[in-house]
Amino acid sequence: MANIKSQKKRIITAEKARQRNKAVRSELKTAIKAVRAAVEANDVEAAQAAANKAGRLLDKAASKGIIHKNQAAQRKSGAQKLVNSIK
């Protein structure tokens, strides 16, 4: 454990950020799973809605610095390709 007061605070702050980032990443994975599930069910409307929601979540995570903007773009593209495969 650190002895310096500011370092103790940074440890606590970093842990809070880690937990928050972990939750956001989990939410992103769930959103992509929803797209895949809708595609497997051949439900175009649900798949498109899920892809739109996932896109918004990915953009938000990228803007907060949780994931890289290029990774967000690649994941959005992949989700939309899945939706387009059943159209």
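As a predicted model, it is held to confidence limits: local features need pLDDT of at least 70, side-chain atom pairs count only at pLDDT 80 or more, and totals for chains, interfaces and linings use all residues. Numbering starts from 1 along each chain as its sequence is written, and side-chain values rest on heavy atoms, with hydrogens and water left out.

On the fold itself, the protein has three helices and zero strands, in the order α-α-α from the N terminus. Helices here are DSSP runs of H or I with at least four residues, strands are runs of E with at least two, and both are numbered from the N terminus. The C-alpha atoms fill a box of roughly 60 × 20 × 15 Å along the principal axes. The radius of gyration comes out at 17 Å, while a compact globule of 87 residues would sit near 12 Å; the radius is taken over C-alpha atoms, and the globule rule is 2.2 Å times the number of residues to the power 0.38.

As for burial, 26% of the 87 residues count as buried, where buried means under 20% relative accessible area, exposed over 50%, and partly exposed in between (1.4 Å probe, protein chains only).

Then there is the core. The largest nonpolar core holds 20 residues, and Leu-28, Val-35, Ala-47, Leu-58 and Ile-67 have the most contacts inside it. Helix H1 (5-40), helix H2 (44-64) and helix H3 (69-84) each put in at least two residues, with H2 giving the most, at eight. Such a core is a set of buried Ala, Val, Leu, Ile, Met, Phe, Trp, Tyr and Cys residues joined through side-chain atoms within 4.5 Å. Setting aside neighbours within four places in sequence, Leu-58 contacts Leu-28, Ile-32, Ile-67, Ala-72, Arg-75 and Lys-76.

Gln-48 lies in helix H2 and counts as buried because its relative accessibility is 19%. Beyond residues up to four places away in sequence, Gln-48 touches Gln-80, Val-83 and Lys-87. Asn-42, by contrast, is exposed, with a relative accessible area of 57%. Asn-42 belongs to the loop between H1 and H2, and its phi is near 60 degrees, a positive value in a residue other than glycine.

Technical notes. Contact = heavy atoms within 4.5 Å.
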